[in-house]
Amino acid sequence: MGRDRRNEAKAEHFTKMIRNTMETPAWRALSTTAQALYPWLKMEWKGPQANNNGKISLPVREAAKALGVNLKTAGRAFHDLQAKGFIVLTSFGRMGTEGKGAPPTYELTELATPGGEGHAGSKLYLHWQEGHDFPVRAHAPSNPTGRNGLLSDESKNEIPSPKTGRVVPINGTKTRRPVPKTGTSRPQNWDETSMF
């Protein structure tokens, strides 16, 4: 009986999926994982009155758990939603000074942003064309100078690109730094926020 009262007090949390959105070529081009992720992101929206669009966050780890997939698959779904114009990355994930991380935040282009003109979002997915994905903003490496801040002689002429996060040569040099071997398939300084 106590359990029934608790359920009565809580409102059901749901989101509305719009058929016109789901019938676009961009939606059909999404991976099934990205299609499954989108409602989870949309459920993070607080509605038109307390509009938090542009500050919507869902950590990759939580998304992977909700979808029943691994971190890389969830990360690819976030990238796919960006590439097809359904979400825009508004701020990168970061580690706070007290050790508490903040996940990336997103804008859902289907929805209006606070203070935006009118009641509709930019709906970038309507402008998507096959073979012409939107740019995906990727996170810069969380430790660009290497393990413990030490650079090898080969990598002193390289820096991470601020736009893509990929290592690029400085002054026309063409040396490349090898990925450190750690016994796993990811570099030692990898974390879930460095995937985008």
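Which side-chain oxygen reaches the backbone nitrogen of Lys72 at the start of H6? That oxygen belongs to Asn70, and it comes to within 3.1 Å of the nitrogen. A reminder before I go on: this is a predicted model.

Now the helix itself. H6 covers residues 71–83. Its 13 residues should span 18 Å at 1.5 Å a residue, and the end C-alpha atoms are 18 Å apart, so the two agree.

How enclosed is H6? Of its 13 residues, 10 are buried, so the rest of the structure largely encloses this helix. Among the buried ones are Leu71, Phe78, Asp80 and Leu81. The cover over these buried residues includes helices H3, H4 and H5, plus strands E1 and E4.

Take H5 next, residues 60–67. H5 packs on H6 at about 105°, with the axes 8 Å apart. The two helices are therefore roughly perpendicular to each other. On the H5 side, the residues are Val60, Arg61, Ala63 and Ala64. They meet Leu71, Ala74, Gly75 and Phe78 of H6. By class, that contact has 6 nonpolar residues, 1 polar and 1 charged.

Just after H6, Gly85 takes a positive phi of about 90°. Lys84 sits in the loop between H6 and strand E1. Is Lys84 buried or exposed? Lys84 is buried, because its relative accessible area is 7%. Its side chain makes a polar contact with the side chain of Asp80, at 2.8 Å. Asp80 is itself one of the buried residues of H6. Beyond its neighbours within four places in sequence, Lys84 is in contact with residues including Ala26, Leu30, Tyr125, Trp128 and Asp133.

Key:
Residues are numbered from 1 along each chain as its sequence is written. This is a predicted model: local features need pLDDT of at least 70, side-chain atom pairs count only at pLDDT 80 or more; totals for chains, interfaces and linings use all residues. Side-chain values use heavy atoms; hydrogens and water are left out. Axes are lines fitted to C-alpha atoms, for helices over the stretch in contact, and angles run from 0 to 180 degrees between N-to-C directions. Helices (H or I, at least four residues) and strands (E, at least two) are DSSP runs, numbered from the N terminus. Angles under 35 degrees count as roughly parallel, over 145 as roughly antiparallel, 65 to 115 as roughly perpendicular and the rest as oblique. Contact means heavy atoms within 4.5 Å. Ala, Val, Leu, Ile, Met, Phe, Trp, Tyr, Cys and Pro count as nonpolar, Asp, Glu, Lys and Arg as charged, and the others, Gly among them, as polar. Buried means under 20% relative accessible area, exposed over 50%, partly exposed in between (1.4 Å probe, protein chains only). A polar contact is a pair of N or O atoms within 3.5 Å; within protein, one must be able to donate a hydrogen and the other to accept it, and residues adjacent in sequence count only if both atoms are side-chain atoms. The expected span of a helix is 1.5 Å times one less than its number of residues.
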